[in-house]
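Dear colleague,

I am handing over the structure below, and after it you will find notes on what came out of the analysis. Please read them alongside the coordinates.

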Amino acid sequence: MMARIQLPRSAKRGEPIEVRIAIQHPMETGFRYDTMGKPIPKNVINKLICRYNGEEVFRAELGSGIAANPYLQFYTVARDSGELEFAWEDDSGARGSERAAIAVSA
C-alpha cells in the first residue's frame, strides 16, 4: 500500500501545521461480488497512527463507511525538526507505513 503525504517542508515552532494523507487501498466493504458471483471479503484499513518524532499525535479507527483510497486531514503543532511517521493496518493484516520530514525554526 502506498500513500501520499502533504505537509509543509518548514514551519515556525509553535505554529499549527496541516497534515494530509491519502492511502491507496480498495476498502472492500464485504457487500460486493466478483464476476463469478462470489462475495469479495471485507478488507478495510482499520487503524491509522501518526507519530511526530516518536510521539503519537493522531490516531484514527476507520470502518467500511470510508471510501476507497481514504484521505485524512488533521492539524498538529510544529515543535521540533524531525519526521512524521504514518502506520496503518487493514483487516487482512497487511501493514503500510510512510514518513515525511519537517524543518522547524525558532
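Leucine 48 touches Ile21, Ile23, Phe58, Arg59, Ala60, Leu72, Phe86, Ala87 and Trp88, leaving aside residues up to four places away in sequence, where a contact means heavy atoms within 4.5 Å. This is a predicted model, in which local features need pLDDT of at least 70 and side-chain atom pairs count only at pLDDT 80 or more, while totals for chains, interfaces and linings use all residues. Residues are numbered from 1 along each chain as its sequence is written, and side-chain values use heavy atoms, with hydrogens and water left out.

Leu48 is also one of the residues that touch the most other members of the largest nonpolar core, which has 26 residues; the others named in that group are Ile21, Leu84, Phe86, Trp88 and Ile102. A nonpolar core here is a set of buried Ala, Val, Leu, Ile, Met, Phe, Trp, Tyr and Cys residues joined through side-chain atoms within 4.5 Å; buried means under 20% relative accessible area, exposed over 50%, and partly exposed in between, with a 1.4 Å probe and protein chains only. Two or more residues of this core come from each of strand S1 (3-6), strand S3 (16-23), S4, S5, S6, S7 and strand S8 (95-105). In soluble globular proteins, nonpolar side chains tend to be buried together.

Among the contacts of Leu48 is leucine 72, which lies in strand S6. Leucine 72 counts as buried because its relative accessible area is 12%, and it touches Val19, Arg20, Ile21, Leu48, Phe58, Ala60 and Leu62, again not counting residues up to four places away in sequence. By contrast, leucine 72 and isoleucine 40, which are 32 residues apart in sequence, are 25 Å apart in space, C-alpha to C-alpha.

As for the aromatic side chains, the structure holds two aromatic pairs, a pair being rings of Phe, Tyr or Trp (its six-membered ring) with centres within 6.5 Å, called stacked if the planes are under 30 degrees apart, edge-to-face if over 60, and tilted for the rest. Phenylalanine 58 and phenylalanine 74 form a stacked pair, at 4.1 Å centre to centre and with 5° between the planes. Phenylalanine 58 lies in strand S5 and phenylalanine 74 in strand S6 (residues 71-77), so this pair ties together parts that are 16 residues apart in sequence. Both phenylalanine 58 and phenylalanine 74 are buried, and ring pairs link Phe58, Phe74 and Phe86 into a cluster.

Turning to the fold, the protein chain has zero helices and eight strands, helices (H or I, at least four residues) and strands (E, at least two) being DSSP runs numbered from the N terminus. An open sheet of five strands has the order S2-S8-S7-S4-S5, with mixed pairing, two strands being paired if DSSP finds at least two bridges between them. The edge strands of this sheet are strand S2 (10-12) and strand S5 (55-60), each of which pairs on one side only. Within the sheet, strand S4 (residues 45-52) and strand S7 (residues 82-90) pair in the antiparallel sense over seven bridges, and phenylalanine 86 in S7 is the bridge partner of cysteine 50.

S1 and S3 also pair in the antiparallel sense, over four bridges, with isoleucine 5 standing opposite isoleucine 21 in S3. S1 has a covered face, made of Ala3 and Ile5, and an uncovered one, made of Arg4 and Gln6. In a regular strand the side chains alternate between the two faces of the sheet.

Methionine 27, in the loop between S3 and S4, has a phi near 50°, a positive value in a residue other than glycine, and counts as buried at 4% relative accessibility. Asparagine 69, in the loop between S5 and S6, has a phi near 55°, also positive in a residue other than glycine, but this residue is partly exposed, with a relative accessible area of 46%.

For the chain as a whole, the C-alpha trace spans about 60 × 20 × 20 Å along its principal axes, and 33% of the 106 residues count as buried. Of the contacts with a separation of 6 or more, 59% come from residues 24 or more positions apart.

With best regards
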